[in-house]
Amino acid sequence: MKEKAFVLATDLDGTLVGDNTALHTLLSYYEESSLDIAIIYITGRHLASSLSLITEENLPQPDILITDVGTAIYTSLSLTEEALWTEKMQSDWYPQKIIRIAENFPLLKRQVLPTDNRISYTVLQNEEVVREFKQALCEENIPHKLIFSSNRDVDILPPNSGKGEALLYVLQNYFHKEVQVLVAGDSGNDVEMLSLGYPSVIVGNAQQELIDMTSHPLLYRASKHFAGGIHEAWLHFFNKNSTSANVACNKETARL
Ligand code: GLC
Ligand code: MG
C-alpha cells in the first residue's frame, strides 16, 4: 500500500453508511476520478458484524479493516489479524476485573461480544452512571480507556487502543509518510481519530459529542449527512490537486 497517494479512513455506521444515494454518488466519484485511494474502515463493530455490513450494503472491500473500536486490525486481501497489535492489546488488560466492577452498576447492560478484547455496555442516557463507573475503575487502578458514544455505548478498551491509536499504527506501518488522508466520523468513538491532526470530517448528522469536540485547523464540519459529508470534505481538502493527471505530475515532480 506504500504506493497509494490517498487514504479514506472512515467509520461505517452513521458515517459512510446511512444514505444510499449519497454513498453511491461518493463511490462513483472515486471510480471516475481514477485516484489511487486506499480504504480503511474503522468501526465499533466486531469482525463478523463488520463483514455482514460490508456485504449487506455492498461496500467496497477495504484495504485495512479496524474493528472493535480500534482493538483489532485486519490487513491484506484475506484480512489477516495483525498479531503484533493483538499482542499489544493483551498486555496490561484485565477484563475479569472490569466485569466484576461493572456488576455494581446494574444500569450497565453488558454487550454480547465474541471476545473479551474489549468490554462494552449499553446504558440508557445516563451520563452520571458512566462517570461513577469510570471513577470506580480509576479507584481500583484498572488500566483502561473508557469511550462513551451516542449517549448509549460504553466501551472499555485496553489503554493503548482506540480508533486513533489503531489508525496511527496502520498509517505508520503500511503507508508512505506523504500519503494524503481524510478521516471521517459521526460519534464519540471517532473523537480520537478525528483529533490526530489529519484532514478530518465530522459529517452533518453527527452526535452531540462531536459537535462539542475541540476543533483543529484541519477539522471540517460538513453540512451534508453521511457519505455526502465525506464527499463534501473530500472536495474541500483535495479537489484542487486531486485530478489523476495532477497526482501523476506531482509524483514525477517528487522523483526529480
Ligand atoms: C458499535 C458496536 C458496539 C460499540 C459501539 C460504540 O455500535 O457494535 O459494540 O459499543 O459501536 O463504539
Ligand atoms: Mg458511527
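Colleague: In which sense do S11 and S12 pair, and over how many bridges?

Modeller: First, the general idea. Strands of a sheet pair through backbone hydrogen bonds, either parallel or antiparallel. Now the case here. This is a predicted model. In it, S11 and S12 pair in the parallel sense, over 3 bridges. One pair to look at is Ile202, which stands opposite Arg221 in S12.

Colleague: What is the order of the strands in the sheet of 8 strands?

Modeller: Read it as S5-S4-S3-S2-S1-S10-S11-S12. The sheet is open, and its pairing is mixed. At the edges are S5 and strand S12 (219–221), and each of them pairs on one side only.

Colleague: How do S1 and S10 pair?

Modeller: They are parallel, with 5 bridges. Look for Thr10, whose bridge partner in S10 is Ala184. Then move on to S11, at residues 200–202: S10 runs parallel to S11, and 3 bridges join them. There, Val183 has Ser200 of S11 as its bridge partner.

Colleague: How many residues of S10 are buried?

Modeller: S10 has 6 residues, and 5 of them are buried. The strand is mostly covered.

Colleague: Now the metal. Which residues are the protein donors of the magnesium ion (ligand 2)?

Modeller: Asp11 (OD), Asp13 (O) and Asp186 (OD) are the protein donors, and they lie 2.2 Å from the ion. Along the sequence, the donor residues follow the spacing D-x1-D-x172-D.

Colleague: Which parts does the pair Asp13 and Asp186 tie together?

Modeller: Asp13 is in the loop between strand S1 (6–10) and helix H1 (20–33). Asp186 is in the loop between strand S10 (180–185) and helix H7 (191–194). The pair therefore ties together parts that are 173 residues apart in sequence.

Colleague: Is Asp186 buried or exposed?

Modeller: Buried is read as under 20% relative accessible area. Asp186 is at 8%, so Asp186 counts as buried. Asp13 is at 33% and therefore counts as partly exposed.

Colleague: Next, ligand 1. Which residues are around it?

Modeller: Around ligand 1 you find Gly44, Arg45, Val69, Gln111, Arg118, Asp153, Asp155 and Asn189. Sort that shell by type: 1 nonpolar, 3 polar and 4 charged.

Colleague: How far is an oxygen atom of ligand 1 from an N or O atom in the side chain of Gln111?

Modeller: That distance is 2.5 Å for Gln111. For the side chain of Arg118, an N or O atom is 2.8 Å from an oxygen atom of ligand 1. For the side chain of Asn189, the corresponding distance is 2.7 Å. Taken alone, ligand 1 exposes 310 Å², and the protein buries 78% of that.

Colleague: What is the order of the sheet of 4 strands?

Modeller: The order is S6-S7-S9-S8, in an open sheet with antiparallel pairing. Strand S6 (109–110) and strand S8 (145–149) are the edges, each pairing on one side only.

Colleague: How many bridges does each pair have?

Modeller: Go across the sheet. S6 and strand S7 (residues 119–122) have 2 bridges, and Arg110 stands opposite Tyr121 in S7. S7 and S9 have 4 bridges, and Tyr121 stands opposite Val154 in S9. S8 and S9 have 5 bridges, and the partner of Lys145 in S9 is Leu157.

Colleague: What lies between S8 and S9 in their hairpin?

Modeller: The hairpin has 3 residues between the strands. Ser150 takes a positive phi there, near 55°.

Colleague: Which residues of S9 are on each side?

Modeller: In a regular strand the side chains alternate between the two faces of the sheet. In S9, Asp153, Asp155 and Leu157 are on one side, and Val154 and Ile156 are on the other. Both faces are covered, and these residues are all buried.

Conventions:
Residues are numbered from 1 along each chain as its sequence is written. Chains are lettered from A and ligands numbered from 1 in the order in which they are written. This is a predicted model: local features need pLDDT of at least 70, side-chain atom pairs count only at pLDDT 80 or more; totals for chains, interfaces and linings use all residues. Side-chain values use heavy atoms; hydrogens and water are left out. Donors are N, O and S atoms within 2.8 Å of the metal (3.2 Å for Na, K and Ca); water is not among the atoms, so sites may look incomplete. Buried means under 20% relative accessible area, exposed over 50%, partly exposed in between (1.4 Å probe, protein chains only). Two strands pair if DSSP finds at least two bridges between them. A residue is near a molecule or strand if one of its heavy atoms lies within 4 Å of it. A polar contact is a pair of N or O atoms within 3.5 Å; within protein, one must be able to donate a hydrogen and the other to accept it, and residues adjacent in sequence count only if both atoms are side-chain atoms. Accessible areas come from the Shrake-Rupley method with a 1.4 Å probe; for residues, only the protein chains shown count as cover. Ala, Val, Leu, Ile, Met, Phe, Trp, Tyr, Cys and Pro count as nonpolar, Asp, Glu, Lys and Arg as charged, and the others, Gly among them, as polar.
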